[in-house]
Amino acid sequence: MTRILISALLLMYVGCATAGPQQVPPEYAHIQDFVAKASAAYGMDIPRIVATDWEDRAAIRYQDRQLYVSRKTLSYSDAILEPLLAHELGHHILGHRGSVSPQDEAAANAEAVRILAKL
Ligand SMILES: [Zn+2]
């Protein structure tokens, strides 16, 4: 009985830990804030932010409900960073999955403008 109770409490703790807000590196707080505000403006779930050390790839990339954000963006000003984030959030909002077409890119750009206008 005690073992079952301990297991139940452990599962509750693990469940709470994974259901809470995502923990991102502290230096990503401004990125998480922007993503959370944009997602809230659309009533959408927040894509998971994944910190990367990519130097040779796109600084920010959206794929499969995850927003990959290179540490090199930490030196970007908001004027550069927010449009890039908004474009990738556009893919999220529009439900783009897998490889995207030039039309998808154009739609993500248009959605980025709407996101930036809402915030
Ligand atoms: Zn894109």
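Visitor: What covers the buried residues of α4?

Guide: The cover includes α2 (29–42) and α3 (78–94), where contact requires C-beta atoms, placed from the backbone, within 7 Å. This is a predicted model: local features need pLDDT of at least 70, side-chain atom pairs count only at pLDDT 80 or more, and totals for chains, interfaces and linings use all residues. Residues are numbered from 1 along each chain as its sequence is written.

Visitor: Which residues of α4 are called buried?

Guide: A residue is buried if 20 or more other C-beta atoms lie within 10 Å of its own, exposed if 12 or fewer, and partly exposed in between. In α4, A108, E111, A112 and I115 are buried.

Visitor: Why are they said to line one face of the helix?

Guide: Seen down the axis of α4, the buried residues fall within an arc of 115 degrees, so they line one face; the arc is taken from the directions from the helix axis to the C-beta atoms. The face turned away from that buried side carries the exposed residues P102, Q103, A106 and A117.

Visitor: What makes β2 and β3 a pair?

Guide: Strands, as DSSP runs of E, have at least two residues, and pairing requires at least two bridges found by DSSP. β2 (residues 60–63) and β3 (residues 66–70) have 4 bridges, in the antiparallel sense, and therefore count as paired. In β3, V69 is the bridge partner of I60.

Definitions and conventions. Contact = placed C-beta atoms within 7 Å.
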